[in-house]
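Good morning, and thank you for coming. Please look at the sequence and the structure on the screen while I speak.

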Amino acid sequence: MRQHHDMGGLPAGPVERQEHDYALWEKRVDALMVLLSEPQRALLRVDELRRNIEALGAAAYENMSYYERWISAIANTLLQRGVLSADELGRKLAEIEARKTAE
Amino acid sequence: MTDIHHLHPHPHPTAPDRDGPQGYYQALEIAVRELLIGKGIISADDVRRAVEAMDARTPAQGARVVARAWTNPGYKARLLADGTAAVRELGIEMATTRLIVVENAPALHNLVVCTLCSCYPRMVLGLPPDWYKSRAYRSRAVREPRAVLREFGTELPEAVELRVHDSTADMRYLVLPERPPGTEGWSEERLAALVTRDSMIGVTRCRA
């Protein structure tokens, strides 16, 4: 069965020639992918990144931006590998939210 | 607090990649990065260096490769035989990916896409434009490539063969565009200035 990411050959509208300068947070997501993939760490394989992006489901392609999908897939890979735990990630997100509110 | 949006008054592109105020995914990036730094898996310096290295990769690198191939037949032969090794001669490392260079000719045009995701020769050209990652481009480049080329202003006569290359995670394609007529005797630097990113993806041609 064709999955949602497998869109080659499907009908679609005109190519909108959009471009944007990547924001720092997007470049940092990219940097995380590069660093985790480096042989001395070997904590992220390109296949894992893709599998975890595809596992986000069809709606992710419509509702999430490119690097939003990437950071989600990177976080999920690290959870699956046990590099991070859901607990510590949740605590960290709460801490960041509190920092933001305090600013 | 300074609103950064007031500092750059140009209109924001309505790209799918949002860079607005900090939302959930930006927080997720901070969380993952800080946890990895806390565990000593990466350092803040590693992240900064990786961002700088990616910023330094631009289509100008690919343009140097193309201009060298246009002016040096030996280099061109090596580039077409083994792209990965030939770009290394110019200081470009492909890391874990393999580079395959496909040459345009009067009767042959090449176009690059990644239908399954967004694989792109990023070590040579830098990060891809948004449209390369778009549903429309990924879907249609393999189904009606001539129509897609027309949308980029490239009219390809029916007599010209068109090959579409679907990239994979491990194999990245770079188009070697045709050298424009009237550029005989030009220096490599002058030629490199003619080579656009889009011509190396194959959606346009180089013009003098």
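Predicted model: local features only at pLDDT ≥ 70, side-chain atom pairs only at ≥ 80, totals over all residues.

Let us begin with the contact between chain B and chain A. Chain B contributes 55 residues to this contact, and chain A contributes 59 residues. How much area is buried between chain B and chain A? The value is about 5400 Å², and carbon and sulfur atoms give 62% of that area. For those new to the subject, the size of an interface is often expressed as the accessible area lost when the parts come together.

Which elements of chain B give two or more residues to the side that touches chain A? They are helix H1 (24-38), helix H2 (44-56), helix H7 (135-140), helix H8 (145-151) and helix H10 (197-201). Of these, H1(B) gives the most, with 13 residues. By residue type, this side of chain B divides into 30 nonpolar, 6 polar and 19 charged residues.

Next, the nonpolar cores. The largest has 53 residues, and those with the most contacts inside it are B:Leu79, B:Trp131, B:Tyr132 and B:Tyr137. Helix H3 (residues 59-71) of chain B gives the most to this core, with 6 residues. A second, separate core has 41 residues, including A:Met7, A:Val83, A:Leu89 and B:Ala27.

Setting aside residues up to four places away in sequence, B:Trp131 touches residues of both chains, among them A:Val15, A:Glu19, B:Tyr137 and B:Arg197. Two of these partners, A:Glu19 and B:Arg197, also meet each other through their side chains in a salt bridge, at 2.5 Å from N to O.

Finally, the two individual residues. Is A:Glu48 buried or exposed? A:Glu48 counts as buried because its relative accessibility is 13%, which is under the 20% limit. A:Glu48 lies in helix H2 (residues 46-54) of chain A, and its side chain reaches the backbone nitrogen of A:Arg45 at 2.8 Å. Leaving out residues up to four places away in sequence, A:Glu48 touches A:Leu43, A:Thr77 and A:Arg81.

B:Gly91, by contrast, counts as exposed, because its relative accessibility is 61%. B:Gly91 is placed in the loop between helix H5 (83-88) and strand E1 (98-103) of chain B.

Definitions and conventions: Residues numbered from 1 in each chain as written. Chains lettered and ligands numbered in written order. Heavy atoms only, no water. Core = buried A, V, L, I, M, F, W, Y, C linked by side-chain atoms within 4.5 Å. Buried < 20%, exposed > 50% of the residue type's maximum accessible area, 1.4 Å probe, protein only. Helix = DSSP H or I, 4+ residues; strand = E, 2+ residues; numbered from the N terminus. Contact = heavy atoms within 4.5 Å. Buried area = accessible area lost by both parts, 1.4 Å probe. Salt bridge = Lys/Arg side-chain N within 4 Å of Asp/Glu carboxyl O. Nonpolar A, V, L, I, M, F, W, Y, C, P; charged D, E, K, R; others polar. Polar contact = N/O pair within 3.5 Å; in protein donor to acceptor, adjacent residues only side chain to side chain.
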